[in-house]
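Subject: Structure handover and notes

Dear colleague,

My notes come after it.

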Amino acid sequence: GAELNKAEAGRRIVFGIGTGRCGTLSLHQLLSKQERSKVTDESRKPSTPIWDLPKDKLEEIAERRIRYLRNEPGDPLLVGDVWSAHLPYIDAYIKLAPETKVIALERDRTKVVESFDAKTPGRNHWQDWYEGARWKADNFWDPCFPTYNRNLTKREAIGAYWDDYHVELDRLVAQYPDNVRKYKTEELLGQSDATRKEMLRFIGVENPRVFGRIHINELKNK
């Protein structure tokens, strides 16, 4: 619709992405503390960003999300959401709303695999394992990740997810340099405010609010 082609006066759309277990909660806290910000964390409104969908269905969900953000009540200047599962939707978001900015986090592959494995005992979001399952189905989270060959170990599947995620992320960074930026987790959420300020200016925040080192629990549980 026409309302998708013009932003609310001055309103900026931002998506935070990363594999998960990489500091996205801390990124959300930083974004949500900015002036007139209404950035959510893993919001399923207006609909869940399911991973494996045909292109037309994916674009339909993307349009719903952009419309929802454009029509966010009140007068927020910064709207958006932080969630790993937005990755397959980024092309569609930028096509619908060219002002969209995307902040991506990259944490060390081994640390992400170990952290996900430790966080999901008895569950496995990355494999189609329902026949003779040793895992418990999780209808809330399983659809939000891609599915890998069941012959892999769980850790191998998580590693394959990390690999594919960053191949796609690097494509997006190259294709949309004005929209997408990738940061190492330790650089964006570490000791220095400089990278945080640069990131906030990139997404259009005129008076960045930074709060020193913001790692939550030193990322032990992230």
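What follows describes one proline and then several salt bridges.

Please keep in mind that this is a predicted model, in which local features need pLDDT of at least 70 and side-chain atom pairs count only at pLDDT 80 or more, whereas totals for chains, interfaces and linings use all residues. Residues are numbered from 1 along each chain as its sequence is written, and side-chain values use heavy atoms, with hydrogens and water left out.

Let me begin with Pro 49, which sits in the loop between strand 2 (37–41) and helix 2 (55–70); helices (H or I, at least four residues) and strands (E, at least two) are DSSP runs, numbered from the N terminus. Pro 49 counts as buried because its relative accessibility is 1%, where buried means under 20% relative accessible area, exposed means over 50%, and partly exposed lies in between (1.4 Å probe, protein chains only). If residues up to four places away in sequence are not counted, Pro 49 touches Arg 65, Trp 83, Ala 85, His 86, Tyr 89 and Cys 144, a contact being heavy atoms within 4.5 Å. The C-alpha atoms of Pro 49 and Leu 87 are separated by 9.1 Å, although these residues are 38 residues apart along the chain.

The second topic is charge pairing. Side chains of opposite charge can pair when their charged atoms come close. A salt bridge is defined here as a side-chain nitrogen of Lys or Arg within 4 Å of a carboxyl oxygen of Asp or Glu, and by this rule the count comes to 21 salt bridges.

One of them joins Arg 67 to Glu 63, with the closest N and O atoms 2.6 Å apart. Both residues lie in helix 2, four residues apart, which is about one turn of the helix. Arg 67 is partly exposed at 24% relative accessibility, and Glu 63 is partly exposed at 27%.

Another salt bridge joins Glu 106 and Lys 184 (3.2 Å, N to O). This pair links distant parts of the chain, since Glu 106 is in strand 4 (residues 101–106) and Lys 184 is in strand 5 (residues 180–184), 78 residues apart. Glu 106 is buried at 13% relative accessible area, whereas Lys 184 is partly exposed at 40%. Glu 106 and Lys 184 also belong to a network of salt bridges that includes Asp 170 and Lys 182.

Finally, Arg 109 and Asp 163 meet in a salt bridge (2.8 Å, N to O). Arg 109 lies in helix 4 (residues 109–119) and Asp 163 in helix 5 (residues 154–175), so the pair ties together parts that are 54 residues apart in sequence.
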